[in-house]
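This report describes a few local features of one protein model. Please look at the structure before reading on.

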Amino acid sequence: MVKQFLKERLGTIIFLLIVAIAVVWGFLKINQARQNAITYNEGYEAPEASADLLQEGRYVSIAKTDSLELFYNETKGAIQVKDLKSGYLWKSLVDDEVYDFGSLNKYWTGHVQSTLVITYNNLKKRDAVPTTVSAGAECKSLKTEYIPNGVAVEYGFTTPGIYVTIEYTLEDDQLVVRLPVDKIREESLYALTTIELLPYLGASDDNVDGYLFYPDGSGAITTYEKVNTRPSNVLVSFYYAYTHRTVNTGIVWDRDSYDQYVMSMPIYGIKNGNHALFATVSEGEENSGLAVYASGNVLNLNRAGFQLYTRNIFNTQANSISAGAGVTNSAGTIQRVDKQLIPEDKEVRYFFLSGDQANYSGMANVYRNYLMEEGLLKAADNAGSDMQLALQLLMGTTKDGMVFDEYIAMTDFDQVQEILERLSAAGVTGTQLVLQAWQKNYDNFEYWGPASQLGGSGGLKNLNKYLEANPGVNAYLGVDSTNVTSKTSGLKEDEDVAYNGLNVEIAASDMDGMDYYLLNPGASFKRNARLLDKLAGYSSAGIAYETAGRYVYPDYNINDPYTKPQAVDKIREMLLASEETGRSIAVGGANQYTYSYADYLYNLRAESYGLNISDYSVPFIQMVVSGLIPYSTEGAGNLAYDLQTQKLKWIEFGSLPYFYLTYESALKLRNTDYDTLFSSTYMDWESTVIDTYLEFKQNLSGVCGQQMVSHDILSEDLIRVQYANGIKVYINYGNVEASADGVKVPAKNYLVVGGGER
């Protein structure tokens, strides 16, 4: 009878169990939210001031290693670091030896005497303009606790009721500065959003022989001596780790507008005479930024410092926010912040260099070693091989038609093989090849299906057989892991599309009504898993992730949300899943989180973005990965205004010679999205490609697999690079012969010393 009762009411019982589980789950979630929620204390009253950070105080030695000595001032809550090898003292605050305080007002006097600058928002007025205050002026409470090899300092900004603890310690040759998230206290209505950490560490006036280094593009230098050559309205340069601060499809598509504010590595450096510091965010780097202040921006001081974001911040247009009774606010962009702190500690490491290593080359060597020790940079299997040729082949595209779009086949799979065979017969023994737009319906960012017009699955199978028999060819199928459209097959907008902090899809539409979206990181991972399944029969074909090394963003999709660090982790999981299949991986772009997986990096920037404070571009990213990961830069030889100058740029930056080609005539690309590829026909460029490769192979094979250990700007036109095996390469961009180190370099040419010579 009991069995009969259970049988008759089985559906009801299951339903009640589901309801009970949902209630329990909801209760747990509500409790968790309550525990994480900020408790407003509208009755908060600021305590009386117990500290004045503008008083002098005294610096006392509190920690020492073989390389460094740490000093602390209990009155100011400030540190100094002495480089014991050189005797140089790095100060965290500006004093009268560096700057004339008599020229400063009260606000700036407090500012330059600050170890921290914080920004906070009123959580009850989340659309209000954020407030920024400095420790020197507004920190009225200071507590010191000495810890092993350092000190923990609580800075109390008592007016907004924000208390922050910073730990300063020495570890061998590094100063380590930590911000524990569980030691951030917010006791009123105000929420901490940003901490600018040690903004004046190493700050210098213009009388010192030095410069600021920062990760603009490939790397940029602002020299102190060129202060008088800059515009009068010198602006602050802000950079954000791995992504633009504002993410929408329009900004993502505008490559220069997007990338010029992205730091692919969370780093900066300062050179003061024969002494230098180099800094990197070693924990919480995804939620960090960099501010670079050249002399002339209010103060005649050169300085830089990291910005650590303690909350997710996003922007919205104010004219979309109601101001009440049918009125809309039209004040422009408004900052919104999450109520919850990002649950992660932050850590910054400072390295100190002196002598002939106190420059951006020494910084690159330090950082390369650090990344390798931390397992964040690995040597690719083909890193030490013979000279390689970098190729990108456009396989197909579409042209708008009156009724139907027309598919334009530019390079089919058989033609890819023909090109490779012709190159091999001419002496090309190594190739890094990216096949772009090989899928059917590529314009809708489909992840699978070789286009039938290119030979379909059969054509790809034949190419795979060729690759199996020719291991010197590394071929990658280009895949976009970021974008989808409303016509992408299987797309579920509520699950697969990324949302901003206002729960609005990150989308844009074209004139034809097509919607374009950024992809949810979890959905991107699933698409990649399906791709790997489909590619199981094509084991020799690698994958080129066209956007994984350029774009990362938080996703507020309530069905599958991702913080920025979680999004980075998902990209790494995706690359790892591909690596575990045994296939090679190419990455477009240079974001640091890809370095431990990439076998080839392409489309690296070969200059800075030329902001008004930048004096020189330097190949910092290239120096870090040189000898470990083969790479090519953005400039294709067939699109260069001067091929000889382009070759010199490849040589200076250690890049593989690179061409972006098609088998069919470039004339077929008229009125397509690729009409800028105006000169790409392989047969027109074959002899140039082969001659260029053979020249590089003859003269520069000695530097293959070698790390570039120094890059020196000897004059406006003459550059010298040196590799770990001692080979030096002199590059002369000028129109007349140039001399250095007892060697003469012909005009518009290069000279290799210690290996084959040009």
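Buried means under 20% relative accessible area, exposed over 50%, and partly exposed in between, with a 1.4 Å probe and protein chains only. The model is predicted: local features need pLDDT of at least 70, side-chain atom pairs count only at pLDDT 80 or more, and totals for chains, interfaces and linings use all residues. Residues are numbered from 1 along each chain as its sequence is written, and side-chain values use heavy atoms, leaving out hydrogens and water.

Two residues can be set side by side.

| Residue | Relative accessible area | Class |
|---|---|---|
| Y107 | 41% | partly exposed |
| T243 | 3% | buried |

Y107 belongs to helix α3 (residues 106-112); helices are DSSP runs of H or I with at least four residues, and strands are runs of E with at least two, numbered from the N terminus. T243 sits in the loop between β15 (237-241) and α5 (249-253). Its side chain reaches the backbone oxygen of V552 at 2.9 Å. Leaving aside residues up to four places away in sequence, T243 touches Y258, Y261, V262, V552 and K564, where contact means heavy atoms within 4.5 Å.

Helix α11 (residues 521-534) and helix α12 (residues 564-579) have axes that come within 9 Å and cross at roughly 5°. The axes are lines fitted to C-alpha atoms over the stretch in contact, with angles running from 0 to 180 degrees between N-to-C directions. Therefore α11 is roughly parallel to α12, a term for angles under 35 degrees. Among the residues that meet are F525 and L532 in α11 and M574 and A577 in α12.

Note on methods:
A polar contact is a pair of N or O atoms within 3.5 Å; within protein, one must be able to donate a hydrogen and the other to accept it, and residues adjacent in sequence count only if both atoms are side-chain atoms. Angles under 35 degrees count as roughly parallel, over 145 as roughly antiparallel, 65 to 115 as roughly perpendicular and the rest as oblique.
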